[in-house]
Amino acid sequence: MSDIIQLLPDHVANQIAAGEVVQRPASIVKELLENAIDADSTKIELIIRDAGKNLIQVVDDGTGMSETDARMAFERHATSKIRGTEDIFKISTKGFRGEALASIAAVSQVELRTKRKEAAIGTNIYIEGGVFQFQDPVQTAEGSNFLVKNLFYNVPARRKFLKNNNIEFRHVIDEFQRVALAHENLEFSLFHDDEAVFRLRKGSQMQRIVDIFGRKLQPQLIPIKEDILWCKLHGFVAKPEGAKKTRGEQFLFVNGRYFKSSYFNKAVQDAFEGLLLPGYIPTFFLFLELDPEKIDVNIHPQKTEVKFEDEHLIFALLRSTIKRSLGIYNVAPSLDFEKDPQLEEILQKTFPSKSNGGGGFVKMPEIIVDKDYNPFLEERGIKQSEIQNLANMYHQNIAAEPSKINLFEDEDFDEDLMRLPNGYWLFNKGDRTLMLDMGRMHRLVVSEHAKPLRKGTTNSHSLLFSLEYHMNEIEKSKYKSIKKYLPELGFETSIAHENVMRIDAVPEGLKETQVMKFLEDLFEILEYKTEEEFLHFYHSQWNKMQSKSRFDFIYKKDAEQLIKDFTALGFPEFLPNGKRCFFEVPFNDFKNKF
């Protein structure tokens, strides 16, 4: 039998290895941005087309590369970050494995223009599908300019699994945010299809967070800071009112590197114990600084998993520091066991002891209680006769008649329809008696009435005074993707200023006080939705809001009308999610009780 094991060609091996590093356009964005930071750049520009499927371009003003380095950078395991095994345990740069550029070049068409500061001319390299094409001298600006075109053009199976542009671009924004948040001392820009999405200036951590997530977040942020010998912790957490049901604004960094840790997330969650409603997740931006030898980032090519030598101590540090900050800002009670110097000085003067040369002994303060004190004595201002009169009045009122207030009007006790104290209704339908859940019935009626509206245009009503909704850059991007659907859904909107949406009309039935909350929920949940999913979600949210009114009390005539509408639908017993709208009261079983 002939030998069957053979060595794979380099281009095939590179394409297979690229699967670990390049999963989607956002993976390339992360690698190129981190390379730009390692090159000591002060200004980084990211340009995207078609959510990165057709073009990902990163331009920086860093140190650049020589002609030889530019060619070597695309070889697998070629790196300038480490020299030996011992360097892995003291990594201070973002990249070090030497796999990113080779993996990117294996599944795309890559062009690099780069020039060192002291060089008279730069170099231009073009690689296609991992195969080197040419290298020429070129006149270019100092730094590097990477262009990654037609991602997965040579691996159609991988390109087929990419999501739509909205979803892929959302992943790109996620990676951009993670890098930008950790480096507030650098300028970042992001352009998508020739439109500016972010223009981030240099500034403080607070300014960077506000520039990315909007001014609405600034009043909610509470600073976190702790500096001990082996670890530094700083950053911000949002007040409980800034918590959300969906994850997204939870960021952990160590030595400027974003990482994920469900263990440390739990430490933050524990610090908010008793302050959040069930299911809500706090918003936080926390930065750890440790000795590089105390952590290991060489676990996965994505480098988002980090092992800590003292993770239990860091867990306790996160929880205690956040709890203390919440207490300082009056969000949660705080106990301060530190002595007050002024109070200590007063005590020393008041209670001199032998230890401080006073020559006396400390005497514990005493509480003196007048056991004979009686507030009802005549000398206290109240006469005994008045006390007796009050007592007589009390005993007379004990025999008063019970209240004649009736919580239910007589019309409720109809032979066909009767209200129950718990908000449900009893309804005689033929020879059966049914207990009705009016809220669920109303939801189904609203849902059925909304079906024709989904195919046409929803009626709207104009607002007397226009509302303004301040959007951050992420919400602005979401708004652009769905604005074409808003008129047919009943909204009339426009961009008043750069990041301000003006609302002139809303769908009928949507109260003015509900508009802002409805839009916030819309943007919060519209994370990875396609356009079709958005429309389905919108109508489900709308139906939910329309039927969210409590039916603990409605007028009998409204209940009768709702039953007529429900009967027109065939009196269905179940909602689409399987929940009951009514059930039959087993009166025959009750007879045995008598």
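Two strands are said to pair if DSSP finds at least two bridges between them. Strands themselves (E, at least two residues), like helices (H or I, at least four), are DSSP runs numbered from the N terminus. The model is a predicted one, in which local features need pLDDT of at least 70, side-chain atom pairs count only at pLDDT 80 or more, and totals for chains, interfaces and linings use all residues. Residues are numbered from 1 along each chain as its sequence is written, and side-chain values use heavy atoms, with hydrogens and water left out.

Three strands form an open sheet in the order β19-β21-β20, and their pairing is antiparallel. Strands β19 and β20 stand at the edges with a single partner strand each, so one side of each is left without a neighbour in the sheet. On average, neighbouring strands of this sheet are turned by 20° against each other, direction ignored. Strands of a sheet pair through backbone hydrogen bonds, either parallel or antiparallel.

How do the two pairings look in detail? Strand β19, residues 460-470, pairs with β21 in the antiparallel sense over seven bridges, and H461 stands opposite V506 of β21. A hairpin of two residues leads from β20 to β21.

Cover is described here by relative accessible area: buried means under 20%, exposed over 50%, and partly exposed in between (1.4 Å probe, protein chains only). Strand β21, spanning residues 500-507, is mostly covered, with six of its eight residues buried. In strand β20 sits A496, which is partly exposed, with a relative accessible area of 30%. The C-alpha atoms of A496 and E468 are 8.1 Å apart in space, although the two residues are 28 apart in sequence. Helix α13, residues 473-482, lies across β19, β20 and β21 and runs at about 140° to β20. For such angles, axes are lines fitted to C-alpha atoms, for helices over the stretch in contact, and angles run from 0 to 180 degrees between N-to-C directions.

Two helix pairs come next. The axes of helix α2 (residues 25-38) and helix α6 (residues 165-181) come within 8 Å and cross at roughly 25°. The two helices α2 and α6 are therefore roughly parallel to each other, a label used for angles under 35 degrees, with over 145 counted as roughly antiparallel, 65 to 115 as roughly perpendicular and the rest as oblique. The crossing of α2 and α6 is right-handed. On the α2 side the contact is made by P25, A26, V29, K30, L33 and I37, and on the α6 side by E168, H171, V172, E175, F176 and V179; contact means heavy atoms within 4.5 Å.

Helices α8 (residues 262-271) and α9 (residues 311-328) pack at an angle of about 30°, with axes 8 Å apart. This makes α8 and α9 roughly parallel to each other, and their crossing is right-handed. Residues of α8 that take part include Y263, F264 and V268, which belong to a group meeting α9 residues including I314, F315 and L326.

Leaving aside neighbours within four places in sequence, I48 is in contact with V29, L55, I56, V172, L190, F191, H192 and D193. Its C-alpha atom is separated by 9.0 Å from that of V58, which lies 10 residues away along the chain.

Residue I222 belongs to strand β9, residues 221-227, and is buried, also with a relative accessible area of 0%. Beyond neighbours within four places in sequence, the contacts of I222 are G235, F236, V237, K239, S325, L326, Y329 and V331. I222 and F236, 14 residues apart in sequence, are 5.3 Å apart from C-alpha to C-alpha.

Finally, the chain as a whole. The protein chain has 18 helices and 22 strands, and buried residues make up 42% of its 594 residues. Among contacts between residues at least 6 apart in sequence, 65% join residues at least 24 apart.

How values were computed. A crossing is left-handed if the near helix is turned anticlockwise from the far one by less than a right angle, and right-handed if clockwise.
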